[in-house]
Amino acid sequence: NDLRYMIEIRRDITGLMEAEKRVRHLQKEQAQDPLTKLPNQKALQQRLEAMLKESAAAAASAESFSDYEYPWHALLLLDIDRFQEFSTAQGGKWTDNLLKATVERLDMILPGNAWMARMTSHQFAVILVGAGATRVDARMRAVSLAETLQRGMASLNFQHDDGLPVKASSSVGLTLFPFVEPGRTADSRDLIVRRASVALAQAQQLGGGQTQPYSEELGSAAQ
């Protein structure tokens with residue numbers, strides 16, 4: 001039983017580790033959500049920045065500020081109500097299918113001048129491009145779109161594992177842009193998302209299934 005031979009096998013996994021590191025980096029930098037194939041939060045930030053630059057350039061090229069009729073845009077944040085309860089009760093695979101069904105339904109409803117992205121696990125962003133020539137018109141069209149999306153969610157044809165239909169609902173917070181808040185000199189992508197998030201939080205506090213536009217009063221309360 002004397003040990004006479006010993007074989008040592010070595011494997012250099014440096015290349016494998018570097019490859020995995022590159023994959024993680026690409027996943028972080030990519031602008032598409034892998035589950036829904038929608039643009040992700042990074043893409044949303046890029047889109048908002050581009051739209052703000054376009055509005056600023058158009059305003060700067062006008063002979064006077066009064067001559068420039070810049071279009072108002074709207075950002076809507078839609079959150080699926082009770083998503084965590086669904087996830088706990090049904091599991092991740094079921095909620096993934098719910099998300100895909102939600103995207104399919106919303107995509108059918110959205111008008112041609114709307115653009116959608118996935119913000120978080122159960123939150124979606126919709127940009128309504130050229131919502132209106134005036135702030136009042138843009139606000140009315142944004143609220144109308146929010147209510148249309150909520151009706152679409154309510155009629156979603158999706159079932160629990162036991163075959164019972166899912167009663168899905170959503171909360172929506174929205175804001176208009178470009179909008180210069182008091183005490184600031186310009187709008188920014190982060191401010192736009194913050195305003196919509198404040199409005200969404202208020203809609204959720206009202207019990208879900210609600211639409212809440214941003215207002216200066218909401219902003220003051222959040223501060």
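**Sheet, cores and helix crossing**

Colleague: Which residues does L76 touch, not counting those up to four places away in sequence?

Modeller: This is a predicted model. With residues up to four places away in sequence left out, the contacts of L76 include V172, G173 and L174. A142, L145 and A146 also touch L76.

Colleague: In the largest nonpolar core, which residues touch the most other members?

Modeller: That core holds 35 residues. Two or more of them come from each of β1 (72-80), α3 (83-90), α4 (92-109), β2 (114-120), β3 (123-132), α5 (135-154) and β4 (170-177). Another core, of 17 residues, lies apart from it, with A43, L48, A125 and I127 among its members. In the largest core, the residues with the most contacts to other members are L76 and V126.

Colleague: What is the bridge partner of L76 in β3?

Modeller: Look at the pairing of β1 with β3. These strands run antiparallel and share seven bridges. L75 faces I127 in β3. For L76, the bridge partner in β3 is V126.

Colleague: Which strands are the edges of the sheet?

Modeller: The sheet is open, has five strands and shows mixed pairing. Its order is β2-β3-β1-β4-β5. Neighbouring strands are turned by 20° against each other on average, direction ignored. An edge strand pairs on one side only, and the edges here are β2 and β5 (211-213).

Colleague: How many residues does the hairpin from β2 to β3 pass through?

Modeller: β2 and β3 are antiparallel partners, with six bridges between them. A114 stands opposite L128 in β3. The number of residues in the hairpin joining β2 to β3 is two.

Colleague: Is β3 largely enclosed or largely open?

Modeller: Buried means under 20% relative accessible area. Of the 10 residues of β3, eight are buried, so the rest of the structure leaves this strand largely enclosed.

Colleague: At what angle do α2 and α6 cross?

Modeller: The contact uses Q45, L48, E49 and L52 of α2 and R189, I192 and V193 of α6. By class, four of these residues are nonpolar, one is polar and two are charged. The crossing is right-handed. The axes of α2 (residues 41-61) and α6 (residues 189-205) come within 9 Å, and the crossing angle is roughly 115°.

Colleague: How does α6 run relative to β4?

Modeller: Take the sheet strands as the reference. α6 lies across β1, β2, β3, β4 and β5. Its angle to β4 is about 145°.

Colleague: Which peptide bond is cis, with omega near 0°?

Modeller: Look at the loop between β4 and α6, where P178 lies. The cis bond, with omega near 0°, runs from F177 to P178.

Colleague: K37 has a positive phi although it is not a glycine; is K37 buried or exposed?

Modeller: The phi of K37 is about 65°. K37 sits in the loop between α1 (14-29) and α2. Exposed means over 50%. At a relative accessible area of 54%, K37 is therefore exposed.

Colleague: What does R82 count as, at 38% relative accessibility?

Modeller: R82 lies in the loop between β1 and α3. R82 is not a glycine, yet its phi is positive, about 60°. The cut-offs are under 20% for buried and over 50% for exposed. With 38% relative accessibility, R82 therefore counts as partly exposed.

Notes. Residues are numbered from 1 along each chain as its sequence is written. This is a predicted model: local features need pLDDT of at least 70, side-chain atom pairs count only at pLDDT 80 or more; totals for chains, interfaces and linings use all residues. Side-chain values use heavy atoms; hydrogens and water are left out. A nonpolar core is a set of buried Ala, Val, Leu, Ile, Met, Phe, Trp, Tyr and Cys residues joined through side-chain atoms within 4.5 Å. Buried means under 20% relative accessible area, exposed over 50%, partly exposed in between (1.4 Å probe, protein chains only). Helices (H or I, at least four residues) and strands (E, at least two) are DSSP runs, numbered from the N terminus. Contact means heavy atoms within 4.5 Å. Axes are lines fitted to C-alpha atoms, for helices over the stretch in contact, and angles run from 0 to 180 degrees between N-to-C directions. A crossing is left-handed if the near helix is turned anticlockwise from the far one by less than a right angle, and right-handed if clockwise. Ala, Val, Leu, Ile, Met, Phe, Trp, Tyr, Cys and Pro count as nonpolar, Asp, Glu, Lys and Arg as charged, and the others, Gly among them, as polar. Two strands pair if DSSP finds at least two bridges between them.
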